[in-house]
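Q: Can we go through how to read a few features of this model? Please start with the helix packing.

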Amino acid sequence: MTHPNATPLETAAYEPVFAGETLTRLEALYPRYPTKQALLLPALWMVQEARGWVSEASMAEVGQVLGLTPAYVKGVVTFYTMYHTHPVGRHFIQVCTTSPCGLCGADDTLEAILRESGCGQLGATSPDGRFTVAEVECLGACGFATPIIVDEDFVESVTPERVPGILARYQ
Amino acid sequence: MGYPHPSHPRETVVLSKHFGDPAARTYQGWVQRGGYQAIRKALELGREPLIELVKQSGLRGRGGAGFPTGLKWSFMPKDDGKPHYLVCNADESEPGTFKDREILRWTPHQLIEGCLIEAFAIRAAVVYIFVRGEFTEIFPVLDEALREAYANNAAGRNIFGSGVDIDIVVHRGAGAYICGEETAMLNALEGKRGNPRIKPPFPAQAGAFGLPTTVNNVETLAAVPHIVVNGAEWYKGLSRGNPKSTGTKLFSVCGHVQRPGNYEVTMGFPMNDLIHDLAGGMRPGRTLKAVIPGGSSVPILTAEEAEACLMDYESIAEKGSMLGSGGMIVMDDTTDIVKTIWRYTRFYAHESCAQCTQCREGTSWTARVLERIIAGQGKPGDLDLLLDLSEQMTGKTICVLSDSCAAPVVSGIKKFRAEFDAYLSGSRTPALQAV
């Protein structure tokens with residue numbers, strides 16, 4: 001069995017992300033920064049937007065575009081929690097379980113999400129490929145416990161009872 | 001989406017006056033509410049008088065450190081001929097704190113105006129607003145507000161015909177609490193791992209891209225236009241007698257209160273009233289047990305300490321804690337203090353950038369020792385071990401993340417030792433399964 005966090009090898013021929021419109025969008029950002037390297041986080045976001053995750057091949061491509069080594073890019077990618085270094089489900093759910101939310105029932109909400117999504121455990125993708133669930137540290141919405149993020153949607157005050165209704169919006 | 005509560009009569013609404021009002025988000029709406037007068041006034045006033053005005057107001061950094069804002073601006077070189085930068089810290093991620101997101105999502109122009117004023121004062125032609133990657137709903141709001149600001153000549157070339165150029169760029173973080181530390185933020189902005197830098201040099205000498213830079217928190221910047229329009233005396237007058245803590249502050253109240261939310265009060269407001277009146281007090285039948293008053297990085301206060309405390313920098317320091325970011329975590333008598341502190345330490349262990357040994361090893365071992373205690377497998381001497389670890393983690397690293405992990409542990413053991421002992425003696429049922 002493969003480790004859930006193992007980086008899958010790219011098997012198909014690699015299609016560059018930075019071509020056409022995406023490359024134009026990246027180049028439009030160059031004048032905003034004094035160095036090309038400063039575009040690294042924005043470029044990685046563009047990769048994730050296009051591919052859903054950041055593969056080693058994409059890291060090499062970003063390096064080529066910005067004049068950085070693949071190893072350097074990987075070092076940066078792995079520092080930050082939001083770049084996926086392996087494929088995730090169609091919808092990625094982040095649940096805040098840090099202490100303030102923990103005081104207000106975040107563990108029960110997380111349990112309901114793991115159960116209802118079919119993921120069963122943190123970091124796993126549901127068998128139908130629909131969801132991946134991760135814990136996240138403090139989402140900065142402690143007064144509205146429990147906050148979750150589904151893809152790019154911020155949802156506040158999630159309780160176990162609300163979970164089925166929220167998940168139903170994401171097919 | 002709505003703002004959760006109408007303002008309480010005892011609040012002093014300055015920054016939060018238009019929270020919940022969608023019309024205030026637009027450029028025209030903001031102008032109708034008095035917006036963009038402050039930047040015009042600032043441009044007329046000139047740089048040095050402007051910095052002096054902010055110094056006189058007593059405004060202090062609202063991100064956590066409480067450093068005097070005008071003084072910070074005055075550290076920027078004046079005739080060096082180099083490009084300067086302003087970085088707005090919108091990486092709000094201190095557990096218990098959720099005030100900047102309200103400023104960002106309801107009053108983006110309030111922040112933009114603050115950025116313009118400071119950029120002018122410190123001779124910065126570019127402002128980077130560094131927003132944490134998880135704040136997904138903020139990006140479209142900020143993008144639209146900036147588009148409007150550019151369209152109305154409030155940003156870009158020759159703003160309001162003044163001859164001053166100021167560009168504003170939103171930079172998205174990618175998930176790392178440590179990027180809220182200013183030098184880690186600068187590294188992230190430059191396309192690096194978010195490791196804090198050794199200081200000196202301070203950002204005013206060598207900040208973003210090695211050039212003079214000032215980093216200020218969202219709430220600090222949002223207060224600036226009000227000071228420019230109403231004057232330093234007005235701002236100082238909003239204090240309750242302590243001249244070192246002036247103005248209003250947004251306090252985020254969360255945890256076991258009936259009405260969690262942000263409350264804007266004058267500095268020096270009684271913590272007791274904030275918890276029991278504004279935030280609605282405890283749930284029926286419950287009593288207050290403890291409060292972490294300034295975000296999770298500050299020492300815990302007992303109910304007695306909290307109820308006798310005033311909300312300003314000096315008063316909270318007198319009680320042995322810190323005002324920090326103003327994120328108040330309220331805990332009632334049902335709270336398992338040991339488990340709650342364990343979860344904080346897990347947060348810090350997860351968020352350590354790992355470049356300093358004391359932090360990388362210390363946060364992780366602190367979390368593991370606490371975990372075994374609440375799993376019923378604690379060993380005699382574990383509390384001394386935790387206190388020893390905490391001492392090694394305090395004042396010995398590049399940034400204060402490891403100090404922040406130690407703060408709740410040391411204060412928790414000191415003030416709630418019986419709860420730790422109950423787990424260690426086996427008189428309390430383990431709250432976690434043994435691993």
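**Helix packing in chain A**

A: The axes of helix α3 (residues 56-66) of chain A and helix α4 (residues 70-77) of chain A come within 8 Å and cross at roughly 115 degrees. Axes are lines fitted to C-alpha atoms, for helices over the stretch in contact, with angles from 0 to 180 degrees between N-to-C directions. Helices are DSSP runs of H or I with at least four residues, strands are E runs of at least two, and both are numbered from the N terminus. This is a predicted model: local features need pLDDT of at least 70, side-chain atom pairs count only at pLDDT 80 or more, and totals for chains, interfaces and linings use all residues. Residues are numbered from 1 along each chain as its sequence is written, with chains lettered from A and ligands numbered from 1 in the order in which they are written.

Q: Which residues of α3(A) and α4(A) make the contact?

A: Two packed helices are described by the angle between their axes and the distance between the axes. Here α3(A) contributes A:M59, A:A60, A:V62 and A:G63, and α4(A) contributes A:P70, A:Y72, A:V73, A:K74 and A:V77. Contact requires C-beta atoms, placed from the backbone, within 7 Å.

Q: In what order do the four strands of the open sheet in chain A lie?

A: Strands pair if DSSP finds at least two bridges between them. The order is β2-β1-β3-β4, with mixed pairing. β2 (131-136) and β4 (153-155) of chain A are the edge strands. Strand β1 (residues 91-96) of chain A runs parallel to β2(A), joined by six bridges. A:H91 has A:F131 as its bridge partner in β2(A).

Methods:
Two residues are in contact if their C-beta atoms, placed from the backbone, lie within 7 Å.
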